[in-house]
Number of protein chains: 2
Amino acid sequence: MVRDFSNDTALLSLNTATVSAQWTLEQCIDGCVRHCIGGIAPWRDKLDECGAVRAARLIREAGLRVTGLCRGGMFPAATPAGRQAAFDDNRRAVDDAATIGAECLILVVGGLPEGSKDIAGARMQVRDGIAALLEHARAAGMPLAIEPLHPMYAADRACVNTLQQANDLCDALAPDADGGLGVAIDVYHVWWDPELKVEICRAGEAGRILGFHVCDWLVPTADLLLDRGMMGDGVIDIRKIRGGVEAAGYGGASEVEIFSKENWWRRDADEVLETCIARHQTVV
Amino acid sequence: MVRDFSNDTALLSLNTATVSAQWTLEQCIDGCVRHCIGGIAPWRDKLDECGAVRAARLIREAGLRVTGLCRGGMFPAATPAGRQAAFDDNRRAVDDAATIGAECLILVVGGLPEGSKDIAGARMQVRDGIAALLEHARAAGMPLAIEPLHPMYAADRACVNTLQQANDLCDALAPDADGGLGVAIDVYHVWWDPELKVEICRAGEAGRILGFHVCDWLVPTADLLLDRGMMGDGVIDIRKIRGGVEAAGYGGASEVEIFSKENWWRRDADEVLETCIARHQTVV
């Protein structure tokens, strides 16, 4: 039994990427209020434009939950200076996430360093990077959510490509339930994985499902990055995955994150939000 | 220690997809002879144009090995009639593979049936389809090679997306070493997989590595299907994967299969073959 979303908007969260071509963060906040959407998840570029302190006030006044801040991560680098820069930036991300009261900081962990073909080495850098950041994140009370990305992003965005890998990292770095490290599950990245059900249960048992993101996989997909579909327009059985996630104990929101250069980014943003709500209530 | 390819062309095989925009099968055969390339792997469209019996004669006269026929598979269908059509086509593929003396028939197993979101169901159809085909393939003495495809093809081309899945299918359907079922390992599809090394060993121990295909993963990748890179132009550590495959007992050829609409398909085919040879000898 999944939770009934058929009249819900409170458990819907708008990731600002969904209307990133149309709206500033201020406009996203107003839009959520106008459409009674319960949550928001800003990307850092929008947050920086607005300013974290001001954004925190606006979000609080709007009564929105913040389902996550996108994003920290991008740990691997070719040089120690590069790794230090990533670390410094990640500390700022943790602080900004805390400022706006985010439920977690999403980690897109990064891919291969420039010129490297060593994916095993990149994965070790990710592990070391999360371990180093975790201390600061725990002090700030900000949970880190490792988001496994689809294997087509292994080279340039994230070398953590399955929920199993993310769970393994959590086991290694934060074995305790209150370790401040968990996972974010985005249906786009994991829907194909034959081990998905098993790994969702595993993440749930450890109490570490920190976020649930939705969109859809289009057939055909015209672009590796910017052709995600609206829920219901593709081939992902979103309801089934949500059922698994909820059976595993997840009680959080459903965050809509759609990168869609040629379609949803070209439409009126209010129409996009209306469609998100309709699909949230019928196919998510 | 990998085999020394630094002066080799005998262990190089040309998959006709690499020059599919430029050459017929006859021209591919002539090209291999001209460049002293030891093997060829035709796609069925090229084979049909030439005729299997005539192709068999030309290939035999040219002294080429046939490292595989591309492809059988595409098992899942929305209707019994569709599954029967796939089965009939697969029988013909087995027969054609036998006619040209192929070392294996490559199986690209197929994705979701039209209108379906049931990937678990598609995977069951694949299992049933291979099981049914196996009897005919064994009678024809034609090994079937399951090729796991990159997860970005899960919806429309192959719902077997990891070597682990392919190994599991082999264990289930052909547990004996001489069961006539194995795997083809294409670096493009598997390079990202954290379980790759383990699963290569597993396939090798069972004596079921039937093919090894190479190309490269470009950053950025402009198209999900037709933007594969020439070996050495991307991020895959091909030598390392070949080392693993050979350590697991593989002694076959290295088959170059590059779909490249905007680059290699636009070049002079002899230049493409020269480049394949140079890269085979230096980076594969």
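Guide: Two strands pair if DSSP finds at least two bridges between them. Helices (H or I, at least four residues) and strands (E, at least two) are DSSP runs, numbered from the N terminus. This is a predicted model, where local features need pLDDT of at least 70 and side-chain atom pairs count only at pLDDT 80 or more, while totals for chains, interfaces and linings use all residues. Residues are numbered from 1 along each chain as its sequence is written, chains are lettered from A, and ligands are numbered from 1, in the order in which they are written.

Visitor: In what order do the nine strands of chain B form their open sheet?

Guide: The order is S3-S2-S1-S9-S8-S7-S6-S5-S4, with parallel pairing.

Visitor: What makes strand S3 (65-66) and strand S4 (69-73) of chain B edge strands?

Guide: Each of these two pairs on one side only. S4(B) takes strand S5 (residues 105-108) of chain B as a parallel partner, over four bridges. Within that pair, B:Gly73 stands opposite B:Val108.

Visitor: How do you know that S1(B) and S9(B) pair?

Guide: Three bridges join these parallel strands, and the rule asks for at least two. So they pair. B:Leu14 has B:Val256 as its bridge partner in S9(B). S1(B) also has three bridges to strand S2 (residues 39-41) of chain B, again parallel. There B:Leu14 stands opposite B:Ile40.

Visitor: Which residues of S1(B) point one way, and which the other way?

Guide: B:Leu12 and B:Leu14 point one way, B:Ser13 and B:Asn15 the other. All four are buried. In a regular strand, side chains alternate between the two faces of the sheet.

Visitor: Why does B:Thr18 count as buried?

Guide: A residue is buried if 20 or more other C-beta atoms lie within 10 Å of its own, exposed if 12 or fewer, and partly exposed in between; C-beta atoms are placed from the backbone. B:Thr18 has 27 such neighbours inside 10 Å, so it counts as buried. It is found in the loop between S1 and H1 of chain B. Beyond its neighbours within four places in sequence, its contacts include B:Val256, B:Trp264 and B:Cys276. Contact means C-beta atoms, placed from the backbone, within 7 Å.

Visitor: Why is strand S7 (residues 181-186) of chain B called largely enclosed?

Guide: Six of its six residues are buried, so the rest of the structure largely encloses it. Strand S6 (residues 144-146) of chain B pairs with S7(B) in the parallel sense, over three bridges.

Visitor: What makes A:Asp30 partly exposed?

Guide: A:Asp30 has 14 other C-beta atoms within 10 Å, so it is partly exposed. Its place is in helix H1 (residues 25-34) of chain A.

Visitor: Why is H1(B) called roughly parallel to H3(B)?

Guide: Helix H1 (residues 25-34) and helix H3 (residues 52-62) of chain B pack at about 5 degrees, with axes 10 Å apart. Angles under 35 degrees count as roughly parallel, over 145 as roughly antiparallel, 65 to 115 as roughly perpendicular and the rest as oblique. So H1(B) is roughly parallel to H3(B). Axes are lines fitted to C-alpha atoms, for helices over the stretch in contact, and angles run from 0 to 180 degrees between N-to-C directions. Residues of the contact include B:Ile29 and B:Val33 of H1(B) and B:Leu58 of H3(B).

Conventions. Two residues are in contact if their C-beta atoms, placed from the backbone, lie within 7 Å.
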